[in-house]
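Welcome! Take a look at the model first, and then we will walk through a few places together.

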Amino acid sequence: MGRERGQIELSSQKGQSLKNGAVESPDTAHQISTDSWFQVGFVLTTGINSAYVLGYSGTVMVPLGWIPGVVGLILATAISLYANALVARLHEYGGKRHIRYRDLAGFVYGKKAYSLTWGLQYVNLFMINTGYIILAGSALKAVYVLFRDDHEMKLPYFIAIAGFVCALFAVCIPHLSALGIWLGFSTGFSLIYIVVATWLSLRDGMKSPARDYSIPGTSTSKIFTTIGAVANLVFSFNTGMLPEIQATIKQPVVKNMMRALYFQFTVGVLPLYLITFAGYWAYGSSTETYLMNNVNGPLWVKAAANISAFLQSVIALHIFASPMYEYVDTKYGITGSARNIKNLSFRVLVRGGYLAFNTLVSALLPFLGDFMSLTGAISTFPLTFILANHMYLVAMKHQLTSLQTLWHWLNVCFFGLLSVAATVAALRLIAVDSKTYHVFADL
């Protein structure tokens, strides 16, 4: 009972814990509380405007159509902001800073929840990283095809190159806060491929005859692709690592994190909306899962966009791999100068090994849309919606009205059912594609 009473109040709500020095920060080998809310806002925006946006026209709009697609994207934005705000407000829950998602879950529920959350988060981040390597490899192949379409270089080769570059970057950047100027480069790269893809799509759309916007497939397949598209909607906005990102922000951590979230879900979502709707408007049901494969235009312009997508994927992958890097660095006491031979060798061995395995999986099953659906189903739904609502329900149970309690329980049940349905749909899509394409397919 004593522990429960100590957990009831959120220290962030009244802002007293920090003033009294009562908030305990856990040990970590990485930097915490060093970044402004604006830099953290750019970290979040980098995630939602990564090269994945080049796939949303095909993976979200094509299976849903205009009205469900537009409404679904707007609802996903609002629901995601709400769910992330719940997690952000629990950052200093119970007089402790919870700089890892698993730490927060473990504090609220106990040791078993710690392990389960860590497992879900690992799967989530691994799948996201797999998608980034597939994206980076696809972008490199798109550049190659522009100038030499002889089919000698296959997609798995480009995925291997992408994985190697990602490993080099991971070795050079020790922790999330060290990204610094690279976030500026990431924003620049994002603007290049978003502007180019949008401009070329609009130009193609104005020249093309009437497009077919009907949802392709049989009645049965439409059900599964629609459910998969819903999983892709939430995948667009959610990281599954909000506490890890919030750990880098300066005090007051909750107030500043809310500023970063408002930035992400207002200014940050506009490029995503723009390219998603423009691509679908231009190509309709024939929109591919990598929009740059649809567009027509000058070779050098398309090459610049694809190279930018490749480089941005390398930076974005590092953000989503950072919780795993922080875990092993802290576990093995990797502190001090990043240039230290011991620390450098450790990063080469551990991060290089992790990304080598990730690259192998990416090359084996390069089905980008399917991975987005599966990631959203088995990890994004549970981490960002089910767990966020239930943790907030447990933490604030003595301060919520009966109507608020009912609202959170409805969210838990709804997203739980949706997660199960989306998992079945995603596995079916992967099974179908696996029959169509062999492993190490050249898509």
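Which residues does T117 touch, not counting residues up to four places away in sequence? They are Y101, R102, A105, L383 and L387, where contact means heavy atoms within 4.5 Å. Please keep in mind that this is a predicted model, in which local features need pLDDT of at least 70, side-chain atom pairs count only at pLDDT 80 or more, and totals for chains, interfaces and linings use all residues. Residues are numbered from 1 along each chain as its sequence is written, and side-chain values use heavy atoms, with hydrogens and water left out.

**The whole protein**
- The secondary structure comes to 18 helices and zero strands; these are DSSP runs (helices: H or I, at least four residues; strands: E, at least two), numbered from the N terminus.
- Of the 443 residues, 56% count as buried, with buried meaning under 20% relative accessible area, exposed over 50% and partly exposed in between (1.4 Å probe, protein chains only).
- Among contacts between residues at least 6 apart in sequence, 85% join residues at least 24 apart.

**Around T117**
- You will find T117 in helix α8, which covers residues 111-147.
- T117 counts as buried because its relative accessibility is 4%.
- A polar atom of the T117 side chain lies 2.7 Å from the backbone oxygen of A113.

**Where α5 meets α14**
- Two packed helices are described by the angle between their axes and the distance between the axes.
- Helix α5 (residues 56-64) packs against helix α14 (residues 270-283) at an angle of about 65°, and their axes are 9 Å apart; the axes are lines fitted to C-alpha atoms over the stretch in contact, with angles running from 0 to 180 degrees between N-to-C directions.
- That makes α5 roughly perpendicular to α14, a label for angles of 65 to 115 degrees (under 35 is roughly parallel, over 145 roughly antiparallel, and the rest oblique).
- On the α5 side, the contact is made by Y56, S57, M61 and V62, while α14 brings L272, I275, T276, F277, G279 and Y280.

**Around E288**
- E288 sits in the loop between α14 and α15 (299-331).
- With 36% relative accessibility, E288 counts as partly exposed.
- Leaving aside neighbours within four places in sequence, E288 is in contact with G58, N293 and N294.
- E288 and L54 are 234 residues apart along the chain, and their C-alpha atoms are separated by 9.2 Å.

Methods:
A polar contact is a pair of N or O atoms within 3.5 Å; within protein, one must be able to donate a hydrogen and the other to accept it, and residues adjacent in sequence count only if both atoms are side-chain atoms.
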